[in-house]
Amino acid sequence: MKVYIVDNGGQWTHREWRVLKYLDVETKIVPNTTPFEELKDLDGLILSGGSPNVASDKDAMGNNGEYLDKAEFPIFGICAGMQFTCEWFGGKLGPAENPEFSKVDLKISNHADLFKGIPDEITVWASHNDEVKVVPDNFEIIATSPTCPVEAVRCKDRPIYAVQFHPEVEHTEYGAEMFQNFLDIIADWKK
Amino acid sequence: MDSNKRPDTMERITTPELADAFIKEQVVELQKQIGDGKVLLALSGGVDSSVVAALLIKAIGKNLTCVHVNHGLLRKGEAEQVIDVFRNQMKANLVYVDATDRFLDKLAGVSDPEQKRKIIGAEFITVFEEEAKKIEGVKFLGQGTIYPDILESNGVKAHHNVGGLPEKFGFELVEPVKLLFKDEVRVVGKQLGLPDNMVYRQPFPGPGLGVRCTGAITRDRLEAVRESDAILREEFAKADLEGKVWQYFTVVPDYRSTGVRDGKRLWDWPVIIRAVNTKDAMTATVEEVPWPLLNKITQRILAEVKGVNRVLYDLSPKPCATIEWE
């Protein structure tokens, strides 16, 4: 299985690479300016986290929009990757009422795919100043926290998933399981 | 050992027996690779280079030259321990360079953390190169590369800490533990007779105490860092926290506040205690040190460390703080 990571400048992009490597996936970190043409034969794509406000800074997000438009394979957006995705499909971003740094109590409401086999309430690690204020019409919320109403979303008609927190860091519970679930989503989609 | 890939069949070294088998194997490999040749090794005091040194001493004895550079930013007793373990106990060929004045003079007045790191890194290479030139006929450079170094750099030869040294001197690399994970290196280290406090040593940054004496480094404030750090480590060991808390140290910022001692007004530095837990240092939580222990440490620091009138505890996880202060 070939899943690459689009680097949006975050501090944990390498960690995302490491999780995939340890899950035995063929993976590579690519700059977000990579043309979609070079990624079209992948099985899946991860849109990494980035620096503050980068989701609204179009120049810093490179070709993320092109990937979301053209990819048929599953995509997993993390933090800035998630915010960009929501805005790209018509949602709205804004400064978070309660910026979240380090520990967040996550409440999962949908265990269909990304959160399959994961308990309802877990601890996750976040690092964000902005948040999704309005979720796009074709997306639904699948997790919240007391301080942030949109912690995770999934697309209703395409295999696109996104989380505000960071599943790749060691302090997020069940992080590796979330990545494995994404790989399972890819395996199902390939059939 | 040409391949950088750990064989899938290789058993994880968890017992003294497995460590002994590895040591036996490696000694043979090293003798094959080196023959009568001479090896140079930078001995930092950290577990990886210490284990490589101990292995090489076993394999080639005095044909190994260890160079331990004291940049003046080591912890209390550290350089002395390296000399004691390697020169006195293991009878190694140890070159000890006390370059304290060189480093501190170059760092005088430099307050930018990145600048400080660059100066320390560059001066280290200069000092090491000077020593390397003094030793005739050295063809090999030992390195404490471990498997995570290879895994994390995409399988390509790991990043050296000695700059372009291999290329410059035409050294062949000797990396006997390059396929081991950190826990395995520790088991092997113990079997080779290294002391526990070296084998289970907490991670220590390259620039050493230089990034814990924040801003421009002065000898007196550096001493306050060194002494308070020694007290912290002593008390943590007594409280059986050594080896249980991932990393713990003191920071003395370039800042003063008022104090009073025996009616006399003080204008002294604070000591900040930092104690964190993590696996990979990318995110970290703060250790919940029991109040009585914090009190004891505070009492000792205020009584024994010159120029300090306050003790603080850093409560910040990562993010948004980093583990180090610089």
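This is a predicted model: local features need pLDDT of at least 70, side-chain atom pairs count only at pLDDT 80 or more; totals for chains, interfaces and linings use all residues.
Let's start with helix α3 of chain A, residues 80–88.

Now compare helix α1 of chain A, residues 13–22. Helix α1 lies across β1 (3–8), β2, β3 (44–50) and β4 (75–78) of chain A. Its angle to β1(A) is about 170°.

What is the strand order in the open sheet of chain A? Nine strands, reading β2-β1-β3-β4-β9-β8-β7-β5-β6. The pairing is mixed. Look at the edges: β2 (29–31) and β6 (121–134) of chain A each have a single partner strand, so one side of each has no neighbour in the sheet. On average, neighbouring strands here are turned by 25° against each other, direction ignored.

One pair in detail. β7 (139–145) and β8 (148–155) of chain A run antiparallel, with five bridges between them. Within that pair, A:Ala143 sits opposite A:Ala152 of β8(A).

On to chain B. The domain assignment gives domain 1, residues 16–199, and domain 2, residues 208–313. Their centres, taken over C-alpha atoms, are 29 Å apart. Domain 1 of chain B puts 13 residues into the contact; domain 2 of chain B puts in twelve.

Which helices supply the domain 1 side of chain B? α4 (100–107) and α5 (113–134) of chain B each give at least two residues. α5(B) gives the most, with three. By class, that domain 1 side of chain B has seven nonpolar, three polar and three charged residues.

Conventions:
Residues are numbered from 1 along each chain as its sequence is written. Chains are lettered from A and ligands numbered from 1 in the order in which they are written. Two strands pair if DSSP finds at least two bridges between them. Helices (H or I, at least four residues) and strands (E, at least two) are DSSP runs, numbered from the N terminus. Axes are lines fitted to C-alpha atoms, for helices over the stretch in contact, and angles run from 0 to 180 degrees between N-to-C directions. Two residues are in contact if their C-beta atoms, placed from the backbone, lie within 7 Å. Domain bounds come from an automatic or database domain assignment. Ala, Val, Leu, Ile, Met, Phe, Trp, Tyr, Cys and Pro count as nonpolar, Asp, Glu, Lys and Arg as charged, and the others, Gly among them, as polar.
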